Amino acid sequence: MSENVGRWLRDEIENAILSNEFAPGERLDEMVLATRFGVSRTPVREALMQLNAIGLIEIRPRRGAVVIDPAPHRIFEMFEVMAELEGLAGSLAARRLDDESRAAITAAHRRCELSAGAGDSDAYYYDNEEFHKAIYAASRSEFLEQQCLQLHRRLRPYRRLQLRVRNRLSTSFSEHCTIVDAIFAGNGEEARRLLRVHVGIQGERFSDLVASMTTR
């Protein structure tokens with residue numbers, strides 16, 4: 001089973017959970033999922049373990065994998081913390097940028113430009129992920145990078161959903177452009193502010209996210 005197929009399987013189960021096709025409290029049977037997606041039980045089990053790790057399901061004794069009800073206030077709190085962590089990473093990246101980090105951010109930013117231009121929200125999500133990871137690494141704070149990566153994984157499903165909201169793809173890339181400019185200019189405070197706005201989900205952005213989670 002290739003990495004791309006494994007990722008596709010995880011994303012498909014993730015999408016079904018977030019669209020309420022698999023409802024909170026529902027048990028996910030490995031054999032049923034394997035038959036539905038035309039794969040063996042092994043990649044299904046691996047996908048469920050990944051979804052358990054980010055809190056979308058819970059693997060319970062004698063019941064197996066059960067879908068968890070994602071409380072909106074919990075999601076909001078995670079985004080709130082993520083915005084602060086990313087802001088700090090951007091600020092440190094602006095202060096500590098070296099040639100290698102500049103090249104990594106530039107390359108990831110270019111890939112985001114291509115997928116955004118193609119209007120491919122799923123491809124953009126993964127390019128966007130690499131863009132943010134490049135900023136974490138550029139902070140040159142191993143502990144901060146680890147914390148950012150951990151919470152980024154927890155928020156992965158919701159960040160993917162965000163990008164499907166109308167006009168969010170182009171808006172996200174435009175925000176990337178200003179973030180890159182601030183980091184490359186060495187303006188740490190501006191990079192912090194821009195990343196906090198970019199990642200945060202205040203007001204309409206949060207209501208749009210919640211609405212997309214309840215649309216069947």
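Guide: Let us begin with contact, which here means heavy atoms within 4.5 Å. Helices (H or I, at least four residues) and strands (E, at least two) are DSSP runs, numbered from the N terminus. This is a predicted model, in which local features need pLDDT of at least 70 and side-chain atom pairs count only at pLDDT 80 or more, while totals for chains, interfaces and linings use all residues. Residues are numbered from 1 along each chain as its sequence is written, and side-chain values use heavy atoms, with hydrogens and water left out.

Visitor: Which residues in H8 and H9 meet, then?
Guide: On the side of H8 they are Arg 168, Ser 172, Glu 175, His 176, Thr 178, Ile 179, Ala 182 and Ile 183, and on the side of H9 they are Glu 190, Ala 191, Leu 194, Leu 195 and His 198. Sorted by class, the residues of this contact are six nonpolar, four polar and three charged. For that sorting, Ala, Val, Leu, Ile, Met, Phe, Trp, Tyr, Cys and Pro count as nonpolar, Asp, Glu, Lys and Arg as charged, and the others, Gly among them, as polar.

Visitor: At what angle do H8 and H9 pack?
Guide: Helix H8 (residues 168-184) packs against H9 at about 165 degrees, and their axes are 9 Å apart. That angle makes H8 roughly antiparallel to H9, because angles over 145 degrees count as roughly antiparallel, under 35 as roughly parallel, 65 to 115 as roughly perpendicular and the rest as oblique. The axes are lines fitted to C-alpha atoms, for helices over the stretch in contact, and the angles run from 0 to 180 degrees between N-to-C directions.

Visitor: What makes H4 oblique to H7?
Guide: The axes of H4 and helix H7 (residues 142-162) come within 9 Å and cross at roughly 130 degrees. H4 is therefore oblique to H7. The contact involves residues of H4 including Ile 75, Met 78, Phe 79 and Leu 92, and residues of H7 including Leu 144, Gln 147, Cys 148 and Gln 162. By class, this contact has 14 nonpolar, three polar and three charged residues.

Visitor: Which way does H6 pass H9?
Guide: H6 passes H9 in a left-handed crossing, a name used if the near helix is turned anticlockwise from the far one by less than a right angle, whereas clockwise gives right-handed. The axes of helix H6 (residues 121-138) and helix H9 (residues 188-199) come within 14 Å and cross at roughly 150 degrees. Asn 128, His 132 and Ile 135 in H6 meet Leu 195, His 198 and Val 199 in H9. The residues of that contact comprise three nonpolar, three polar and no charged.

Visitor: Why is Arg 62 counted as exposed?
Guide: Its relative accessibility is 86%, so Arg 62 counts as exposed, since exposed means over 50% relative accessible area, buried under 20% and partly exposed in between (1.4 Å probe, protein chains only). Arg 62 sits in the loop between strand E2 (57-60) and E3. Arg 62 also has a positive phi of about 70 degrees although it is not a glycine. Most residues other than glycine have a negative phi.

Visitor: Where is Arg 140, and is it buried or exposed?
Guide: Arg 140 is in the loop between H6 and H7. With a relative accessible area of 54%, Arg 140 is exposed. The phi of Arg 140 is near 55 degrees, a positive value in a residue other than glycine.

Visitor: How do you know that Ile 68 is partly exposed?
Guide: The relative accessible area of Ile 68 is 23%, so Ile 68 is partly exposed. Ile 68 lies in the loop between strand E3 (64-67) and helix H4 (72-96). Not counting residues up to four places away in sequence, Ile 68 touches Pro 24, Gly 55, Leu 56, Ile 57, Glu 58 and Arg 60. Ile 68 and Gly 55 are 13 residues apart along the chain, and their C-alpha atoms are separated by 7.3 Å.

Visitor: What makes Thr 42 partly exposed?
Guide: Thr 42, in helix H3 (residues 41-53), has 43% relative accessibility and therefore counts as partly exposed.

Visitor: What domains does the assignment give?
Guide: The protein chain is given domain 1 (1-67) and domain 2 (72-214), with bounds that come from an automatic or database domain assignment. The C-alpha centres of domain 1 and domain 2 lie 26 Å apart, and 13 residues of domain 1 are in contact with 12 residues of domain 2.
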